[in-house]
Amino acid sequence: MSLKFPPSDDLRRLLRFEPDNGAIWLGDRRMVLMHTKALTALRQDLITSVGTEHARRILTRMGYSAGMCDAEYARRTRPDMTLNECFLVGPQLFMLEGAAHVTPIKLVFDIQAGQFYGEFSWDHSWEAYSHQQKYGLNTDPACWTLLGYASGYTSAFMGRLILFKETMCAACGAEHCQIVGRPIEEWPDGDAHRVYFNDDSLMEKMEALQSQVDALKSTLEPANQCSQLIGNSTAFRKAYTLMQKVAQTQATVLLTGDTGVGKERFARALHELSSRSDRPFVAVNCAALPSELVEAELFGVEKGAYTGAHTLRIGRFERADGGTLLLDEIGDLPLAAQAKLLRVLQEGEIERVGGETTRKVNVRLVAATNVDLHQAVLAGRFRADLLYRLNVYPICIPPLRERKSDIEPLAQGMLARFCALHNKRVLGFEERALKALLQHDWPGNIRELENLVERGVILAPQSGKVELEHLFPRQPDSVQTGLDAHGHLAKLPSTHDDDLCARILDSGSSLEEIDSLVLDHAVSRAGGNLSEAARLLGMTRPQLAYRLKHRNVHGVSAPATDLPPSIPI
Ligand SMILES: [Zn+2]
């Protein structure tokens, strides 16, 4: 077989520039002229963002698809020539498209018999050059797009997957690149290369990894949370004792109580006290899951169960196998998922979404809710049979207002934790602050206390104490709660507001005048600095400037300020 290229006039004729139409054509396919610099930047971005292996796969696939397109021209352009000359359309188009200069070394193939062996040398590969420019001398060949092209072209020509590999590459310091192509099965490491031709979603893999990480985190996170179940009040001790008694059994536990009372912590403590403590603890907040994903999250998804389910996803039940699964906010579980959950509880088996077989799981279930499930049953939002299954051993966790004696030790414990977290040294609570904590009625329970203490730790001075103002920052000027004459925390704001309003009404001033007075007051308190005054008033500087300029109140003159002559609105 002759390895000389036939004249390439026929291929050049395919290439048409239509600058007036803004188009370039190769036969009937639209092309585009690109800067190798831009491609180099794309390569680099890919390598940085998804790593070398994925970048290589993406670029190989791009080249592969270009090669497949060009293979269509092989027979079309040279119907009367030898098969060898037909094949050489590929390497010749490759040169015409500016990829590299090709020298055929050996080419033997038999389409019917599926045999192929090709060896070519490439000079001036743009890709080797570009890679070397960015990364210097490489240890591995780098002409990914070009190899993809050679594989794509030859595979389409031969009707079977032909894998080209570089035996040397200019990016590694060789004088030129050299490639060899054979059917993928004939390469000893062929299978390892299939990954470069497969469509594969990195996003899916990342999502699957993310949910694994979440599950692991919820298993590992606060190993010391059990010790953080602080409390000595009667109400707390009652709940704690109930929990201790049931921990060693396998019974399903239903935790009830208001929002923020610490149901997840109780569930963790239950897990730690149980014989399953060395197995995973997995928590799921049913209210946080979109209803269409609940079943997939809980029971997993079989590969190909629906469009986009490219990989198998293990559900939370399987992740918690051998351990404990907390279903928080179970009252929000959609009815369809409730039916499936009921079956899991009855059979001890799960079925992945899109799956046909059932799998045994050994999971201790803890359910938690802040709604009255009996009411939910009456309202038709919750299955009665599921409630009976869950309600084997209910534990009601008391709200913080019913365990006032626990507030101080809880707050001290949190203070120590947040000091460590925020790298601060805070010596404790100042007396008024502590009093305020004891007086508050805690509608948000432990979570609210936690938020307040964290805020206090952040605001308190280094080596100082948390003061009342750090816990209730808008105190005592304008806000909801304050200390009354006896030093008790009280709802001062309304009386304060009422008082202020009464005085304003008694003054006989118009609303505009009051408005204007407040503006002036703020400007004067800020020493004439409009930005500062605007901050005091909770508005932007342009808004304040506009109001100062456009007010129309008799007897009130604009104060001397740093007001600009023209005011942006
Ligand atoms: Zn190369």
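**Entry 1: a salt bridge at glutamate 351**

I looked up glutamate 351 and found that it counts as partly exposed, at 26% relative accessibility. The term has cut-offs: buried is under 20% relative accessible area, exposed is over 50%, and partly exposed is in between, with a 1.4 Å probe and protein chains only. The side chain of glutamate 351 meets that of arginine 343 in a salt bridge, 3.8 Å from N to O. I noted the rule for this: a side-chain nitrogen of Lys or Arg lies within 4 Å of a carboxyl oxygen of Asp or Glu. Arginine 343 also counts as partly exposed, at 40% relative accessibility.

I wrote down the terms of reading. This is a predicted model, in which local features need pLDDT of at least 70 and side-chain atom pairs count only at pLDDT 80 or more, while totals for chains, interfaces and linings use all residues. Residues are numbered from 1 along each chain as its sequence is written, and side-chain values use heavy atoms, with hydrogens and water left out.

**Entry 2: other salt bridges**

How many salt bridges does a search of the whole structure find? I got 28.

I then picked arginine 352, whose side chain forms a salt bridge with that of glutamate 318 at 3.0 Å, N to O. Arginine 352 lies in the loop between strand E13 (349–350) and strand E14 (359–360), and glutamate 318 in helix H13 (residues 316–319), so the pair ties together parts that are 34 residues apart in sequence.

Next came arginine 535 and glutamate 532, with a salt bridge of 3.0 Å, N to O. They are 3 residues apart in helix H23 (residues 530–537), which means about one helical turn separates them. Arginine 535 is exposed, at 58% relative accessibility. Glutamate 532 is partly exposed, at 29%. I also noted one network, in which salt bridges with shared partners join Asp28, Arg29, Glu72 and Arg76.

**Entry 3: the zinc ion**

Which residues coordinate the zinc ion? I listed Cys143 (SG), Glu166 (OE), Cys169 (SG) and Cys177 (SG), at 1.9 to 2.3 Å. Donors are N, O and S atoms within 2.8 Å of the metal (3.2 Å for Na, K and Ca); water is not among the atoms, so sites may look incomplete. The angles at the 4 donor atoms run from 101 to 114°, so the arrangement is tetrahedral. Four donors get that label if all angles lie between 85 and 135 degrees.

Along the chain the donors follow the spacing C-x22-E-x2-C-x7-C. Cysteine 143 is in the loop between helix H6 (126–135) and helix H7 (144–158), and cysteine 169 is in the loop between strand E6 (162–168) and strand E7 (177–183), 26 residues apart. Both cysteine 143 and cysteine 169 are buried.

**Entry 4: aromatic rings**

I found 17 aromatic pairs in a search of the whole structure. Rings of Phe, Tyr and Trp (its six-membered ring) pair if their centres lie within 6.5 Å; planes under 30 degrees apart are stacked, over 60 edge-to-face, and the rest tilted.

Phenylalanine 87 and phenylalanine 116 have ring centres 5.7 Å apart and planes at 45°, so this pair is tilted. Phenylalanine 87 is in helix H4 (residues 83–87) and phenylalanine 116 in strand E5 (residues 115–123), 29 residues apart. Both phenylalanine 87 and phenylalanine 116 are buried.

The pair of phenylalanine 236 and phenylalanine 266 is edge-to-face, with 6.0 Å centre to centre and 75° between the planes. Phenylalanine 236 lies in helix H10 (residues 234–247) and phenylalanine 266 in helix H11 (residues 263–273), so the pair ties together parts 30 residues apart in sequence. Phenylalanine 236 is buried, at 3% relative accessible area, and phenylalanine 266 counts as buried at 2%.

I also noted one aromatic cluster, whose members include Phe87, Phe116, Trp122 and Phe157.

**Entry 5: tryptophan 122**

Is tryptophan 122 buried or exposed? I have it as buried, with a relative accessible area of 3%. Tryptophan 122 is in strand E5. Histidine 101 is 21 residues from tryptophan 122 in sequence and 5.4 Å from it in space, C-alpha to C-alpha.

Technical notes
Four donors count as tetrahedral if all angles lie between 85 and 135 degrees; four count as square planar and six as octahedral if opposite donors are over 155 degrees apart and all others between 65 and 115; anything else is irregular. Helices (H or I, at least four residues) and strands (E, at least two) are DSSP runs, numbered from the N terminus.
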